[in-house]
Amino acid sequence: MALNIDLTHLDCSITAGHLKMGGPNPRGERIEANNRYFTLGGAPWLPVMGEFHFSRYPRRYWREALLKMKAGGVTIAATYIFWIHHEELEGEFDWSDNRDLRGFIELCAEVGLYAYPRIGPWAHGECRNGGFPDWLLEKCGEHVREDSPLYLAYARRLYEQIARQLDGLLWKDGGPVIGVQLENELIHNPGHILTLKRLAQEAGIDVPLYTMTGWGPAQVPEDEVIPLFGGYPDAFWNRDVSGWARECRKQYLFSPIRNDDLIGADLLRRRDIADVSYLERYPFATCELGGGMQVSYHRRPFILPEDVAAPPICKLGSGSNLLGYYMYHGGSHPLGRLSTLQETQATHYWNDLPAISYDFQAAIREYGQLNGQYHSLRLLHLFLQDFGPGLAPLPAAFPEVMPASLDDVETLRWSVRSDGRRGFIFINNHQRVEALPAKSGVQFELRLPDEVLRIPGERVEIRQGAAMFWPFNLDLNGITLRYATAQPVCRLQGEGAPVFVFAARGGVAAEFAFQPALLPGVEGAGLDEQGILRGLAPGRLVTLSTPQGQGARLLLLSEEQALQAWKARIWGRDRLFLAQAGLAFDGDTLTLSATDPADLWFSVFPAIEGARGGLREGAFTRHNFSVRGKSVRVEARRVRPAAPARVVPIGPLGVAQQPEDAEYERGEEWEVRLPPGAFDGVEDIYLRIAYTGDAARAYLDGTLVADDFYNGRVWEIGLKRFAPRVLEAGLRLRFLPLRRDAPIYIAPEHRPPFGPDGEALEVRSISAGVEYRVQFAASGLA
C-alpha cells in the first residue's frame, strides 16, 4: 500500500496584526494570534487547554486537581462561570467557598497554569437554564442572548462582578488570565458577541485573547474574536437511541473542515453556508474536544480511553494549533438553594442529566480518579510542550487518496504537516465502536521540493487501533533525523548533549534513519549500510555525534513505558519519570497516588543526585515504596426490594424522561456502612457499586450526594469529601429497575439481561477500593 502526498507547493504564508486582541503583561510579553497559530513572547506556541469547573468541585481539592492537570500536560485551565451558581437569588452574589472564582484563579497561578474563564452570560455546560438564574428568565422572558436593554443591564452587572473577582489577575497585571470566551453556541448574532466584548472591556476584562464557539458554523464579528471548534466521540444529546452517533465518525478522520455539525445539534439552528473561507483569518483551534462523554437519561455512551486518544491526533494532523478538551476533569452539580442545578427537560432544555454527577467519563473523573485516556493524552501533551513551537507553523496537507465516506474503513487515514522540508506524518487506524482493520504493506511516499522520501524503508503493517505520528527531517541538536517510525515524546535539557525521547507506537518496530556520511559516531547501537538504527533496546541511551561536534542522545520507550511517561522540571533539571501510579509535582515534592500499593514506585532519568536507595535499570533509576495494603470491609444490607418499574414516558422535548424524585422512594434500597478508622492511613476510599438497572442514587443523612444513570460502568463514589460523617451515618443507596422497552441507548455489550417481567435490576457487589499516597523529596521520603 503505497501512500502518496505532494508537499512541493505548500502555502506557508502568515497573516498577522489583523486580530483585535489585548496587550502585553508588565514584562512586555505578548500572547497573540495570527491566521495560523498563537504566539507567546513572539515565538510560536501550541498550548493545551483543559476544562475544569471550579464550582462543581470541592475547594479543598482544587490544588490537587490542578496539579494533576498540569502533570497531564495541560497548560491552560478553562472554566465556565455559571451565573446561577453565583446569583441564584437576584442581587445576592456568592463568590465564597466552592464558588470562589478569585481563589481558583490564584491557585492556577500558584501551580503554574494559565487560566481561561468562559464568562457567559449564557454558558450551557448542562447547567440549569444554561446557567441563567430563574429570576433572569422571569424578568427578561425570551429577550436574552441579544442586545435588549434589560438583559444587557444584567449582563453588564454580571461582568462587573466577574471583573472584581479577576482584578489584578489578568495577563496585563502579571496574572494568569490570558483570555475569555464570550457566550457559548451563539451562531446567528455576531453583533451581540461584539456587544459582550465591549461590555467585558468596559468592566475591565482586558485580555490578550477573546474567543467564541465557532461551530454551526457561527457568524463571527470579523477580527474581534477567534472562533474555536470541537468534536466528541459520541453525543449524549443525540435524539436517536438506536446506536452510537454516526456523525461522530468524523472525529476519527483527517480533514480541512473545522466545523462539527453534531455539537449543540439539540439546541442550534444550523447555518446552511458553503463558503467558510472567512475562517482562514483565524488559527484552527479547539475548546471542546471530548475528554470523555457525559451520559444523559436517554443516551448513555460507554467511552473507552482510545476513543478519546485518537481524535486529538486527527485534529493536530488536520492543522489544529490549540487542543482544548471538554471535559478534562469531571465534577458534580452543586445543589441550589431553590432547586437542583442540572439541565432537565422539565426546565425546557433538551436532555435529562443526573442531578449530581457530571463525571463525563473524563480524563480525570468526578472524584479525581485518573481515567485511561489521561495517560494517552499526557504522552501527546509532552510532545506539544517541547515540539509544539516547531509544529505550529507547519500547514496541514492531505494525501491524494482519502476515505471516500464516513463508512470507508479500508483506506488508511493519514495526513502530513510540513513546510516542504520537515514535518510529521499523522496516522489514525482507530474508530469508536466500529473497528478499523489492520493495514498491511504500508509505506508513505512524500514528494518534497528536493527529494522523494519513502517512510519507512520497508513496508510495515499499521495495526488495528493505532493512532500515532512520525517525524521526518527532524533537527536533533544539529543532527538531521531523516525519519523515525517512533513517536517523539519530549526533549530533556541538562548536562551534556540533549536527550530526545521517542516511543514505539502502533506495533511498528522503531527505526531511526540518518545520512551515514553525516553521522559517523554512534555509541550504544550501530547503523546499517542505509544509515538506519534498528533494534534499539527500550530504556537505554544511544549517543550520536558528528565531526563538527554536534551531539544528541536518543532514548526509546516501549509501548508500555510510553503510557507510564511523565516529565517535570524538578530538583534543578528536566527529568523523565516512568510510573504506574499517578504523579503530581509541587515544587520539589513528588506525590504518588495509586489504588494498588504495588504501583507505588517510580523510575527516573537522570538519577536524583544524593537520593537514598534506587535500583539502576538501563538509563533509569527505580525507587520503590513499601506501603502496607489495607482492606476496608463494607457492610451492605438490602433494606427493601424495588417496586415494579414505571413505563418510561417521553418528555416534553421528545426523549425518555428521567424518574421523578418520588420514584426513588420505590426503588431497591441498601444500607451501606464502613468501619470506624476506615480512613486511617489512606488518602481516599472509593465505594464501588457493580449493578445493572436504570438509575441509582446515594443519600447521606437524607440528602442526595451522588447519582448514576447505568451505562455498564461500575459506579464509583469518592468518600473522603463526605468524611467523617459518612462513617457515622453510612449511606443509603436506591436503585431503579430498567425496562426492556425503555427508549434508552445503552451500548449493546452493556445492556443487561432482562427477566420474565421485562425488567433488569441486580446489585452484584458493593465494595471499597483504597487510594494510597506517598511523597518523595530529593533526600528521600517526605
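Visitor: Why is Val 241 called partly exposed?

Guide: Welcome! This is a predicted model, and Val 241 has a relative accessible area of 28% in it. Buried means under 20% and exposed means over 50%, with partly exposed in between. The value of 28% falls between those limits, so Val 241 is partly exposed.

Visitor: Where is Val 241 found?

Guide: Look in the loop between β10 (226-231) and β11 (286-290). Leaving aside residues up to four places away in sequence, Val 241 touches His 298, Arg 299, Pro 743, Ile 744 and Tyr 745. Val 655 is 414 residues from Val 241 in sequence, yet their C-alpha atoms are 9.0 Å apart in space.

Visitor: What makes Phe 383 and Phe 424 an edge-to-face pair?

Guide: The structure holds 42 aromatic pairs, and this is one of them. Two rings pair if their centres lie within 6.5 Å, and planes over 60 degrees apart count as edge-to-face. Here the centres are 5.4 Å apart and the planes stand at 80 degrees, so the pair is edge-to-face.

Visitor: Which parts of the chain does that pair link?

Guide: Phe 383 is in helix α8 (residues 372-391) and Phe 424 is in strand β18 (residues 423-428), 41 residues apart. Phe 383 and Phe 424 are both buried.

Visitor: Why does Phe 625 count as buried?

Guide: The relative accessibility of Phe 625 is 13%. Because buried means under 20%, Phe 625 counts as buried. Phe 776, with a relative accessible area of 4%, is buried by that cut-off too.

Visitor: Which residues form an aromatic cluster?

Guide: Tyr 80, Phe 82, Tyr 232, Phe 236, Trp 237, Tyr 326, Tyr 358 and Phe 360 form one. Arg 56 lies over the face of Tyr 358, 4.3 Å from the ring centre. Elsewhere, the charged end of Lys 720 sits over the ring of Tyr 61, 4.4 Å from its centre.

Visitor: What makes β1 and β20 edge strands?

Guide: They belong to an open sheet of 3 strands in the order β1-β19-β20, with mixed pairing. β1 (2-6) and β20 (452-462) each have a single partner strand, so one side of each is left without a neighbour in the sheet. The twist averages 15 degrees from one strand to the next.

Visitor: How do you know that β19 and β20 pair?

Guide: Two strands pair if there are at least two bridges between them. Strand β19 (residues 439-447) is joined to β20 by 6 bridges, so the two pair, and they run antiparallel. Glu 445 stands opposite Arg 454 in β20.

Visitor: What is the strand order in the antiparallel open sheet of 3 strands?

Guide: The order is β2-β3-β4. The edge strands, β2 (31-33) and β4 (43-45), each pair on one side only. In this sheet, the twist averages 40 degrees from one strand to the next.

How values were computed:
Residues numbered from 1 in each chain as written. Predicted model: local features only at pLDDT ≥ 70, side-chain atom pairs only at ≥ 80, totals over all residues. Heavy atoms only, no water. Helix = DSSP H or I, 4+ residues; strand = E, 2+ residues; numbered from the N terminus. Buried < 20%, exposed > 50% of the residue type's maximum accessible area, 1.4 Å probe, protein only. Contact = heavy atoms within 4.5 Å. Phe/Tyr/Trp six-rings, centres within 6.5 Å; stacked < 30°, edge-to-face > 60°. Lys NZ or Arg CZ within 6 Å of the ring centre and 35° of its normal. Axes fitted to C-alpha atoms, helices over the stretch in contact; angles between N-to-C directions.
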